[in-house]
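Student: I would like to learn how to read the features of a protein model, one step at a time. Could we look at one together?

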Amino acid sequence: MDIAWIITILLLGIVGSFISGLLGIGGAIINFPMLLYIPPMLGFTAFTAHEVSGISALQVLFASISGVWAYRKGSYLNKQLIIYMGVAILTGSFFGSFTSQSLSEASVNIVYGVLALIAAIMMFVPKKNIDDIPLEQVSFNKFLAASLALIVGIGSGIVGAGGGFLLVPIMLVVLRIPTRMTIATSLAVTFFSSIGATIGKVTTGQVEYLPAVILIVASLIAAPLGVKMGKRMNTKILQMILVVLILVTVIKIWIDIL
């Protein structure tokens, strides 16, 4: 593992973690394909899908912590939504992460591709007037929120993601949560999910610790910077960035699967 390899992993982590803080996602939707494809493109030994899912789980844990800490002041964190979705997604991610050990690499990639495709489709559903709702008047269907979080947790546990890339469209489209509250709150819910995913990946031996530590360092540096920029950007621009990001990932994953 030479210095060029370390710098490569660090830069990949910085990109993923910055986008994590910017858009309220854990960063796995960026780091999963980057870790899977970029190192071998540069001549380094390729990670397996199981190794990437394990590394991503740890990275998401720390990226979401950093992002939530940066959002701790203000009214963007919806504590009730965090509790209902957080407990459900934690339960699902425990189950998904332990289940993933028995799946083939192709199956892990397919689960990831399906989740990303669902997220992409949801982002094209019109989201009219959600940012006109005062933050103190935001309400949601508690049973629906918990049920969807449980399902997301199972899928995200399998691929080592926190599920933020699915939580954001669910909060925007289904639960109708304003964009900035969605971004902040989804980071907190993603943190709960990543706890279950991380424990499952570590106990089943799916984590390569050196690249995971490098990504953790990147997360602590870059995620708060993403949050800072996200607070200043127009909500429509943030939504469009997420749409483009998910679409590119979906296309690349499914080209390789098919």
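Student: Which residues have the most contacts inside the largest nonpolar core?

Tutor: Please keep in mind that this is a predicted model. The largest nonpolar core has 72 residues, and those with the most contacts inside it are Ile25 and Met85. If we set aside residues up to four places away in sequence, Met85 touches Ala145, Ala149, Leu167, Met171, Leu175 and Val189.

Student: How are two packed helices described?

Tutor: Two packed helices are described by the angle between their axes and by the distance between those axes. Here helix α1, residues 3-23, packs with helix α2, residues 28-41, at an angle of about 160 degrees, and their axes are 9 Å apart. Because angles over 145 degrees count as roughly antiparallel, α1 and α2 are roughly antiparallel to each other. The crossing in which α1 passes α2 is right-handed.

Student: Which residues of α1 and α2 make the contact?

Tutor: On the side of α1 they are Ile9, Leu12, Gly13, Val15, Gly16 and Ile19, while α2 brings Ile30, Asn31, Met34, Leu35, Ile38 and Pro39. Sorted by class, this contact of α1 with α2 has nine nonpolar residues, three polar ones and no charged ones.

Student: At what angle do helix α7 and helix α8 pack?

Tutor: Helix α7, residues 164-174, and helix α8, residues 179-203, pack at an angle of about 140 degrees, with their axes 9 Å apart. α7 and α8 are therefore oblique to each other, and their crossing is right-handed. In α7, the residues Gly164, Leu167, Val168, Met171 and Leu172 meet Thr179, Thr182, Thr185, Ser186, Val189 and Thr190 in α8. By class, the contact of α7 with α8 has five nonpolar residues, six polar ones and no charged ones.

Student: Let us end with a single residue. Is Gly67 buried or exposed?

Tutor: Since buried means under 20% relative accessible area, Gly67, with a relative accessible area of 0%, is buried. The place of Gly67 is in helix α3, residues 49-70.

Student: Which residues does Gly67 touch, not counting residues up to four places away in sequence?

Tutor: Gly67 touches Leu187, Ala223 and Val227.

Note on methods: Residues numbered from 1 in each chain as written. Predicted model: local features only at pLDDT ≥ 70, side-chain atom pairs only at ≥ 80, totals over all residues. Heavy atoms only, no water. Axes fitted to C-alpha atoms, helices over the stretch in contact; angles between N-to-C directions. Helix = DSSP H or I, 4+ residues; strand = E, 2+ residues; numbered from the N terminus. Parallel < 35°, antiparallel > 145°, perpendicular 65-115°, else oblique. Left-handed = near helix turned anticlockwise from the far one by under 90°. Contact = heavy atoms within 4.5 Å. Nonpolar A, V, L, I, M, F, W, Y, C, P; charged D, E, K, R; others polar. Core = buried A, V, L, I, M, F, W, Y, C linked by side-chain atoms within 4.5 Å. Buried < 20%, exposed > 50% of the residue type's maximum accessible area, 1.4 Å probe, protein only.
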